[in-house]
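Me: I have a structure to go through and I'm new to this. Can we take the strands step by step?

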Amino acid sequence: MKIGILGDIHANLPALTAVVEALKRESVDVWVQVGDIVGYGPEPSACIDIVRDLGCITCLGNHDAAVLGRLDTSYFNNFARSAIHWTAPQLTPSDYEFLNALELVVKQPEFTVVHGTLHMPEQFGYVISVVEALESLEHQETRLCFVGHSHVPAIYLRRDENPRDIHVVPHSEAEVSYRGFERVLMNVGSVGQPRDEDPRAAYGLVDTKLEIASIRRVQYDIASVQAKIREAGLPEVLANRLSLGV
Ligand code: ZN
């Protein structure tokens, strides 16, 4: 089985389109999305449509929850908060219905999907180092788990015989065999707003037959989404950061 994994999209349609095209060339069997379809970017409704049409197995992100009014935005920075206020009236009733149905944790026979961490999904904590990976892995019942939220990709591998010894693949672009590892925690980075100083859209691909997990990158038309962000009157910083990947 080939699993295509979409990280935080953040309403960036050109980035999402480029990632979907790249994954379609891989003939993926299952599509996954790790939350934060909306927020920051200028085309939330079109991105929800694509995720829905692909039949993605999706969980709830903190920006999705904020737009639904289910998360207090007082801890969001000003730019994130104003993007939430901009996004809310852009969504259709069926967009709201779609977001409202998302769960914090989605468990399938072969993998689990959560936006932040498995040990405190409702707190939206980040997996950014071995410290959080260890805690999340303690609660991981399936061999594979896909997360996002930090917008920085990394793969954490654990053997059951030595659960405190985590093998980390911290690269922005990587292909790793997980043969011999009983637990794989994969932060797939971000489609629509990478923060690892690589502005290309990030995505994940797992081949469960070959036991290979990959983080991949694809170029997209950054200038076109920046123009739309400015046109929409969203904060300028949200356009500028996309060129830098921060
Ligand atoms: Zn995010």
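Reply: Two strands count as a pair if DSSP finds at least two bridges between them. Keep in mind that this is a predicted model.

Me: OK. How many bridges do β2 and β3 have, and in which sense do they pair?
Reply: Strand β2 and strand β3 (residues 57–58) are joined by two bridges, in the parallel sense. Within this pairing, Val-32 has Ile-57 in β3 as its bridge partner.

Me: Which way do the β2 side chains point, and are they buried or exposed?
Reply: Val-30 and Val-32 point one way from β2 (residues 30–33), Trp-31 and Gln-33 point the other way, and all are buried.

Me: New topic. What is the strand order in the open sheet of six strands?
Reply: The order is β4-β5-β6-β10-β7-β8, and the pairing is mixed. At the edges are β4 (105–107) and β8 (166–169), each of which pairs on one side only. From one strand to the next, the twist averages 15°.

Me: In which sense do β5 and β6 pair?
Reply: In the parallel sense, over three bridges between β5 (residues 111–114) and β6 (residues 144–147). Val-113 has Phe-146 in β6 as its bridge partner.

Note on methods
Residues numbered from 1 in each chain as written. Predicted model: local features only at pLDDT ≥ 70, side-chain atom pairs only at ≥ 80, totals over all residues. Heavy atoms only, no water. Helix = DSSP H or I, 4+ residues; strand = E, 2+ residues; numbered from the N terminus. Axes fitted to C-alpha atoms, helices over the stretch in contact; angles between N-to-C directions. Buried < 20%, exposed > 50% of the residue type's maximum accessible area, 1.4 Å probe, protein only.
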